[in-house]
Amino acid sequence: MENLNLDELEARRERDFKEAKRMINFQLRGNNKYYYARQCLIFSLYVKIHGFDTVATKSKILAEGIRFNKYSITLGHEYGYDLKRFNSKEEMLGFVIGYNQAVEQMEAIQSYQRAEGMLPIKL
């Protein structure tokens, strides 16, 4: 991990926030806005790498992008194909964070299996 001073960390956090905000169609407020924006950014990277379902494939997501709306995550724009619908933005953010943690855990398991020379677990 690189050693950054406080100003460099704040600049990086602000840059990541602005990049994520281009995909987020609702207002983020409070102390956690940077955390939630980063989680949305991470989610978008995961689905660009792996795809999401049979409609929101890697190639479609790369071409059209995804948008985080108050009640849905959509392909391309606010009224595009729904990857997932929610009852509130809090529910949507909870899903995004849980999805990210699940992918992170799967990547850690696969990394461990490769290091130990084990056969991969098929889910």
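Which strands does α4 lie across, and at about what angle does α4 run to β2? This is a predicted model, and in it α4 lies across β1, β2 and β3, running at about 65 degrees to β2.

## The sheet

Let's start with the strands. There are three of them, forming an open sheet in the order β1-β2-β3 with antiparallel pairing. Since β1 (66-68) and β3 (82-85) sit at the edges with a single partner strand each, one side of each has no neighbour in the sheet. From one strand to the next, the twist averages 10 degrees.

Zooming in on one pair, β1 and β2 (residues 72-75) run antiparallel and are joined over three bridges. Ile66 stands opposite Leu75 in β2.

## Helices over the sheet

## How α2 and α4 meet

Now for the helix pair. α2 (residues 33-50) and α4 (residues 89-116) pack at an angle of about 55 degrees, and their axes are 9 Å apart. Angles from 65 to 115 degrees would count as roughly perpendicular and those under 35 as roughly parallel, so this pair comes out as oblique. The crossing of α2 and α4 is left-handed.

Who does the touching? On the α2 side the contact residues include Tyr35, Tyr36, Ile42, Phe43 and Tyr46, while α4 brings in, among them, Leu93, Phe95, Val96, Tyr99 and Glu107. Sorted by class, the contact of α2 with α4 has 13 nonpolar, three polar and two charged residues.

Note on methods
Residues numbered from 1 in each chain as written. Predicted model: local features only at pLDDT ≥ 70, side-chain atom pairs only at ≥ 80, totals over all residues. Heavy atoms only, no water. Axes fitted to C-alpha atoms, helices over the stretch in contact; angles between N-to-C directions. Helix = DSSP H or I, 4+ residues; strand = E, 2+ residues; numbered from the N terminus. Parallel < 35°, antiparallel > 145°, perpendicular 65-115°, else oblique. Left-handed = near helix turned anticlockwise from the far one by under 90°. Contact = heavy atoms within 4.5 Å. Nonpolar A, V, L, I, M, F, W, Y, C, P; charged D, E, K, R; others polar. Pairing = 2+ DSSP bridges.
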